[in-house]
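Dear colleague,

Please find the structure below, handed over for your records.

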Amino acid sequence: MTRLVSKQVIDIPDTIVAYDRQLSEKLGCNLLGLANYTIGTNYTEEMLRQKKVAIIPITTGQGLIGGFSEAVAEILKFIGFETFITEQTDLSGIDEAYRRNADLLFMADDNTFLALNLTKRKWVNNDQATAKAYVSTLSKLSNGLKDKSVLVLGLGPIGSESVKYLIKEGATVGVYDLEAEKMEVIKEKYKSQVKLIEDSASALKDYQLIIEATPASDTILADCIDAQTFIAAPGVPLGLTREALDKVGSNLIHDPLQLGVAVMGLEAL
Ligand code: 2YJ
């Protein structure tokens, strides 16, 4: 699983307003709207303001990522939550969060990023929330996914979860991963509901709706893109070449944290 690095998240607090505006221009709804659409709720900023979220910096494994807790706190504050970052880290941070009456806890180590609801015994994993969020952006970008063909590139935790949500939306799903084993696992799970793609380069020319969930760069080249191509790209770093990026224009949704964190917040309520 890709570990985020500081330079991917450090600007999030300063750019969240512009991010939200761009998202509205592309999808017709802002970050809170998209999160609500994704999980079928209608939370307003005023409702979220009643909920206190603690973000706990976690030092285990490879340690803190500069700006990570700040970025998570800012995304949640932006959509309406009251947020604070605990002064203590790790277990002492959890202790502090309880003492300061947090309703929700957010914390991530090298493998897992979780939101916990302290009163309802609910928990939300970032992989699932991110997969749901990106499937719903693709649905918004293309006016629904029923009977549409979607290609999922990369069958890590987010790509595999995306397959599940795409099938729920009624899409016809093609899947590709460099590792044949991951393709077999998906085939075993979803049988005839998924098509295994052997040649990703030629599939990319056939499919116009794409979930790019690989940890690789340069997976999508400019000649795969036309005016009808829509790409939802949760993969970090972004898989498009420079030319592909120019060509796809506003038919691309990609961010390192914002959509997944917003959906985690609402789903944890
Ligand atoms: O608290 C901190 O600053 C760090 N412990 C944050 C670690 C963030 N973790 C990652 O980036 C991992 N790749 C897990 C993220 C799961 C994304 N689906």
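Pro 237 lies in the loop that runs between β10 (230–232) and α11 (242–248); helices (H or I, at least four residues) and strands (E, at least two) are DSSP runs, numbered from the N terminus. The peptide bond from Val 236 to Pro 237 is cis, with omega near 0 degrees.

This is a predicted model, in which local features need pLDDT of at least 70 and side-chain atom pairs count only at pLDDT 80 or more, while totals for chains, interfaces and linings use all residues. Residues are numbered from 1 along each chain as its sequence is written, and side-chain values use heavy atoms, with hydrogens and water left out.

Most residues other than glycine have a negative phi, and most peptide bonds are trans. Asn 101, in the loop between α6 (90–99) and β3 (104–108), has a positive phi near 65 degrees. Asp 147, in the loop between α7 (126–141) and β6 (149–153), has a positive phi of about 65 degrees. Asn 101 is exposed at 55% relative accessibility, and Asp 147 is exposed at 60% (buried means under 20% relative accessible area, exposed over 50%, partly exposed in between, with a 1.4 Å probe and protein chains only).

Phe 106 is buried, at 0% relative accessible area, and Phe 113 is buried at 8%. Ring pairs join Phe 68, Phe 106 and Phe 113 into a cluster.

Lys 140 lies over the face of Tyr 37, at 4.3 Å from the ring centre (a charge sits over a ring if NZ of Lys or CZ of Arg is within 6 Å of the ring centre and within 35 degrees of the ring normal).

Finally, the cysteines: the structure holds 0 disulfides (a disulfide is a pair of cysteine sulfur atoms within 2.5 Å). Cys 29 is buried, with a relative accessible area of 12%, and Cys 224 is buried at 9%.

Yours sincerely

Definitions and conventions:
Phe/Tyr/Trp six-rings, centres within 6.5 Å; stacked < 30°, edge-to-face > 60°.
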